[in-house]
Amino acid sequence: MASPSVDSRELTADELEKKLKKEEKAREKELKKLKAAQKAAAVKLQAQQPAAASKSEKKKKNAKKGQEVNPLEIDPETPLGEKKKLAPQMAAKYNPTTVEKSWYEWWEKSNFFQADPKSPKPPFVIVLPPPNVTGALHIGHALTAAIEDTIIRWKRMSGYNTLWVPGMDHAGIATQVVVEKKIKREQNLDRHQIGRERFLDEVWKWKNEYGGTILKQLRRLGASLDWSRECFTMDEKRSRAVTEAFVRLHKLGLIYRDIRLVNWDCVLRTAISDIEVDYIDIKERTPLPVPEYDAPVEFGVLTSFAYPLEGDLGEIVVATTRVETMLGDTAIAIHPDDPRYTHLHGKFAVHPFNGRKLKLICDSVLVDMKFGTGAVKITPAHDPNDFEVGKRHDLNFINIFTDDGKINTNGGEQFAGMPRFKAREAVTQALKEKGLYRGDKNNEMRLGICSRSGDVVEPLIKPQWYVNCKGMAEDGLNAVIDDTNPKLGIVPKQYVAEWQRWLENIRDWCISRQLWWGHRIPAWYVVLEDDQFKELGVYDNRWVVGRTEQEAQEEASRLFAGKKFQLLQDPDVLDTWFSSGLFPLSVLGWPDDTEDLKAFYPTSVLETGHDILFFWVARMVMMGMKLGGDVPFTKVYLHPMVRDAHGRKMSKSLGNVIDPLEVIQGVTLENLHKRLEEGNLDSKELKTAKEGQKKDFPDGIKECGADALRFALVSYTAQSDRINLDIQRVVGYREWCNKLWNAIRFAMNNLGDDYTPPIEIDPASMPFSCKWILSVLNKAVSKTVASLESYEFSDAATAVYSWWKYQLCDVFIEVIKPYFAGNNPAFASARRSAQDTLWLCLDYGLRLLHPFMPFVTEELWQRLPSKIDSVRKESIVISEYPSVVKSWTNDDVESEMDMIESVVKSLRSLKSQLPANERLQRRAAIVRCRTNDACDIIKGHDLEISTLAQLSSLTVLSENDDVPVGCLVDIVNESLSVFLSQGSINVEAELGKLKKKMEETQKQYDTLKKKTSASGYQEKVPVRIREDNEEKLAKLLQEILSLKETSEHLERES
C-alpha cells in the first residue's frame, strides 16, 4: 500500500507522465492477456465438439459458418456506468445496437456534461425547450436534440464551459386531460367529484410514475445534457420564480384584471391560448363529431331569420352560422350609407323570445352593405368582432353560456339548460314556429377546434388576468431590429419580418386558465363583512396580490384598514406559457442571485421550431428583458418542421408518424400496424393509416441507430421551413457508418499492434497522396467550423461527410493500398508516411464528426493508438475539436489531384460501357496530353491513376503520338483524352457519341462568342468577367479541336 504522504501530494509533470505510461503499458498487457484467453477459450470450445459428424450436420455447420461470431469480436459485459470494455478485435460489420451500448452511462457518470460556474473558460449555454411531462419522444424532439447536441458538443470540444440545461414543462391542459381520463377510466369519476386537493394528489402521483419518459429517451439519442441541473416547471424553485414574476409585474402595473373575450373550451371548462386552437376549413354543410354529443353536429350552414321592427316598420333579415347566439343579441348593425336602411337609423327591433329591444346602430367598420342583406346581428359577449362593436357603441354584453357550454338563464327559460348545439336546433325550430325563419344555405367557414380536447372553441366573455405587453414588445422588437446595437439575432433571417409583425401588432396576453393543475395565481379576493354580494369577483377593486397569503393579508389590511374581511384565493392557474417564458431565468436560480445566474445568464442560443416564435420565444425575450435586465439569449435558431417523405404533415390517421426510437431500433411492418391498433383511430382511419404504412415501409424500418438518425436530421436542416423526412436517407447514413467502421478496421490491420503515432508530421517529405489528403482535410475542417459558426448545420454535415466518404475512403485509402500489399522495400518510406497520415486523418476525422455522431466516433476513436509521449483525453467528448493547420494546405497538390480524379472518372465511365462480365477486369489505358504540364502530371501519378481506375497498365502519349486501334475514347477536358483498350469497338456508335458531344460543345462556344461580341460588351462588362469569358472560350475551342482529332482517329479505324 502506498504511503499517505505520497498519495496526498500532487505529482510532478515527469511523475505524472511516467505513471500514465506505466498505466498504458499495464492496459496493453491486460489486453494481450484477454486476447490470449479468448483464443484459448475458442480452441477449447472447438476441441470439445464431437470428432465425427454426419454429412447433414457438416452441411448445416458449413451453412452457418458464415454467420458464426468470432468470440474475439464480442465486447465483454460492461458494468453500468463504467468505461465500455471493447472486444480485442473489431467486428466484421458495424452494428448500431452494439456500438451505442454503454457509452452514455459512462459519459454521464464521468460528469463530462457538467458545467462549472467558476470555470475560467468562456460560457456557452443552451436551455432545452422543455418537453411536456406527458410527452414521448417524437421526431420534432429528435431534431431539436440532434441540432442542440451538435452545437453543444462542438462548443465543449472547442474549449467552452458548456451548459445544456434539461427540463420538463408541467403542460397544464395536456396533463390535466390525461389524468382526468385516467380517473374516469379507473374510478368512473370526474375531477369535480373528487375535489381539487385529491385531484392534484393524483396528478403528482401520475407525474412521478409516468412523467419524464422523454428525458430518459433523450439519453438514447446521445443528448449531452447536464442532468445535475434537471428541473421541472412545477418544482419548488421554478414555482417560486413564477410567483415572484407575477408579483413584480403586478407591482409594475403590467399585470391587471379585465373582462374580455377568450377562447373557451366547454369540455375542459377553461380559456385556452391561440396556439391550442387548430382551424379546419369547411367548404359546405358538413356534419362533424363533437365531444359529449351523441350525433354529429352540422357546420358550414348560414341560417337567415327576421327580427320584427318596432312600430310596424316591418322586419330586418340577418344571417349567422351560430344561430343559437341570437339569444345574446343586443343590437343590429347597418352601414350608415346604406339607402335601404336610412329610415331605420336609431330605431329598434324586438327580440322574438324575450322582448328585448335591439337598437339598430350604424357601423361602417364592421358592415359591408354589399354582403348579404347588409344587416348584421351583434352578440358582443360571444364574437370577437361584435365585442369591438359593443365597446364602440356601449352595448350590453350578455353571456348566454354556462362554463360547460349549456344555455344559462340569460338565454331564456325556453332554452336554459340545453347544450349549445342542441339549442341551435331548438332555436331554429322556434324561429320557424314564429314565422321568422328565412332559410339556410351552404357557407364556407373556418372552425376553431381545441387541439387538446377536440371541442369546438366558443368565444366567451370572462374576467381574467392579463399582461400588458406593449412596452415589453417594443423592447423585444428593438433588441432584434436596432441597426446600431442589435442584442439578439434570428436565424434564418426570414423570420425577422415575422418577429416584427407579431410584436408590432401585439395584444395583451390572457394568463388565466380555469384549470387545477398549474401555478395557482397568487391573487386573493377580499370579501368585506358588510358586502351585499359575497361571491368571488363581484367587485372589481377587491383583488390583492402577494407572494404568500400572509403578504396578501398585510396588503388587504392596508387597503381596507379597520374593516373585517375574508380572503379567497383565485382558483385559476397561470397559462403554461407564463412559466415557460421564465425558463432561461428560472433554470439558473432566479430570483436568487445564484452562481449559475451570474455565470450563465444571458444564455447563448435558443434553438426551437419556428411555429412557437411568438408564443414562447417572444415571451421569453419580453420577460427576460423586464425581469432579468437583459435578453435571455443572444441568438435564436429556428429549425424547420418535420414532415413525411411526401411533404405531408405527420398524422396518426395517415399512418405516417415516425417514432425516433423505431428508427433507432428498427421495427417490422407488423409492429407498426400494432402501434396504430393501440391508438384511438376509427376503422376507416385505421385502414387508411395501415395502407400508408404499407406503401412507405413495406419491409418495416431497418435498424439505423441514433447516430444515423441524428446525422440525417441535421443534414436536412437546409430545407427552409420544412423537412421532408425520407427514412431511406437515414438508412443510407447507417450504411455510411459501416464505411467508417471499415476505414478503422483497415487502419487497425495495417497500422499493426506496435504502431505509435508520430509527435509531428511534415507533409513536405511525404508522398503526393498524403499531402493531398491533409490539404483537403484542412479545407473540410475550415468549412465545417465556418458552417457551424454561421448555423448552417446542413453545410457542416455535408463538409464532414464528403471528406470522409469521397476523399478519405474512396480515394486516399484506395490509393495507399499498394503500399501495404506485400513487403516491397521500395514502399517502406511511403508505407510509414501512409500509416502516419492515415492515423492522423482518422483521429482528426473522428473528432470532426463527433458532434454529429457521438457513439460511433467514441467507439472508433477509443481503438486508435495513442501518441507515446502525450496523455490523450479520456474520451473524445472532452478532446479538442480540430482546427486548421496552415502548413498542410497545398493548392498545387489539390489541383493535380483534381486532374487525376477527372482522368479516373473518364476511365471508369468507359469501363461502365463494357459488358457486365468484363467491367471488373483490369485493362490497359492510354492518356493523351496536349500540354507538357498535363503530360508531366499524369506521368508522375501513374500509380494513383492505375490503382483508382483498376488498370493493368497506363501509357501517356503526347499530342503527336498515335493511339493504337481498338480503344474506347473519352474527352476529359481541353488538355486530356483517355483511351481504354478493347479488342473491337463499335466505331459507328463511338463516332455518334463524339458527334453529339461536339455539337453540345460547339453550341456552348457559339452562345458565349455571341455574348462577347455583342454591342457595348467591352464597355458594360467588368474586366474580371471578360477575362473569365475569354478563358472559357479558349477551353471550349480546345475541346472542339480535341473532339475533332479523336473523331478523325476513329474514322481511320473504320
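Let me begin with helix α25 (residues 727-751) and helix α29 (residues 854-863), which pack at an angle of about 5 degrees with their axes 11 Å apart. Axes here are lines fitted to C-alpha atoms, for helices over the stretch in contact, and angles run from 0 to 180 degrees between N-to-C directions. Angles under 35 degrees count as roughly parallel, over 145 as roughly antiparallel, 65 to 115 as roughly perpendicular and the rest as oblique; α25 and α29 are therefore roughly parallel to each other. L740, W741, I744 and M748 of α25 meet V856, E859, L860 and R863 of α29, where contact means heavy atoms within 4.5 Å.

The model is predicted: local features need pLDDT of at least 70, side-chain atom pairs count only at pLDDT 80 or more, and totals for chains, interfaces and linings use all residues. Residues are numbered from 1 along each chain as its sequence is written, and side-chain values use heavy atoms, with hydrogens and water left out.

Is K462 buried or exposed? K462 is buried, because its relative accessible area is 15%, and buried means under 20%, exposed over 50%, partly exposed in between (1.4 Å probe, protein chains only). Beyond four places in sequence, its contacts include D258, R260 and D403.

Finally, N443 lies in the loop between β16 (437-442) and β17 (445-450). N443 counts as buried because its relative accessibility is 17%.

Conventions:
Helix = DSSP H or I, 4+ residues; strand = E, 2+ residues; numbered from the N terminus.
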